[in-house]
Amino acid sequence: MTQTTVEETAAIKAAFAQFPSGVAAFSAMVDFTPEALVASSFTVGVSLEPPLVMFAVQNSSTTWPKLRQAQRLGVSVLAEGQEGAALQLASKTRDRFAGLDTSVSDSGAVLIDGAVLGFECEVVSETPAGDHAIVVLEVKATTINHESKPLIYHGAAFRQLAA
């Protein structure tokens, strides 16, 4: 395997940043404490039978080892206006849930209120992929907020869909 230079890594990151994506929060109650991580690598429609979605998580994540132990995960696809929530939920130093309105299922999945989509999921598999792991989730329940539009991440910044 060849080593990537700093310049090559920066060029790859810049190229990847040009692909627009939604912003998803993955959260659950773990030992009676809400835990969350945020990823823009969320993909829906992996499979319809069974209904599967997936995302990639960095191997260096300190939150994923906690979340993967949860019975079910809440996946909230964040909406326009939830930029602050995305930054807060991704923070390594702040209380990730302070002041955020959430809903918790009986199985401990945490959903962020006001999100465009909410999925309650179970982990199906985790596959190593370079400096990340690809996590496949089976969707057990869904909620759709038809009144909102998705928050978009593009060019290393939050964006909104144009009319």
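Which helices and strands each supply at least two residues of the lining of the largest pocket? In this predicted model, they are helix H1 (6-17), strand E3 (33-39), strand E5 and helix H3 (83-90).

**The largest pocket**

The space in the largest pocket amounts to about 1400 Å³. Its lining comprises 34 residues, and those closest to the centre are Ser-40, Ser-41, Ala-56, Gln-58 and His-132. Helix H1 makes the greatest contribution to this lining, with 5 residues. Classified by type, the lining consists of 18 nonpolar, 12 polar and 4 charged residues.

**Strand pairing**

Strand E5, which supplies at least two residues of the pocket lining, spans residues 51-58 and runs antiparallel to strand E4, residues 43-48. A hairpin of 2 residues connects E4 to E5. Across this pair, Thr-43 lies opposite Met-54 of E5.

An open sheet is formed by 3 strands, arranged in the order E1-E11-E12 with antiparallel pairing. Strand E1 (21-22) and strand E12 (157-159) are its edge strands, each pairing on one side only. Within this sheet, Gly-22 has Ile-152 in E11 as its bridge partner.

In general, the strands of a sheet pair through backbone hydrogen bonds, in either a parallel or an antiparallel arrangement.

Conventions: Residues are numbered from 1 along each chain as its sequence is written. This is a predicted model: local features need pLDDT of at least 70, side-chain atom pairs count only at pLDDT 80 or more; totals for chains, interfaces and linings use all residues. Side-chain values use heavy atoms; hydrogens and water are left out. Two strands pair if DSSP finds at least two bridges between them. Helices (H or I, at least four residues) and strands (E, at least two) are DSSP runs, numbered from the N terminus. On a 1 Å grid over the protein atoms alone, a cavity is a set of points where a 1.4 Å probe fits but cannot get out, and a pocket is an open set with protein on both sides within 12 Å along at least five of seven lines; lining residues have an atom within 4 Å of a point. Grid points are joined across faces, edges and corners, and a volume is the space filled by probe spheres set on the points. Ala, Val, Leu, Ile, Met, Phe, Trp, Tyr, Cys and Pro count as nonpolar, Asp, Glu, Lys and Arg as charged, and the others, Gly among them, as polar.
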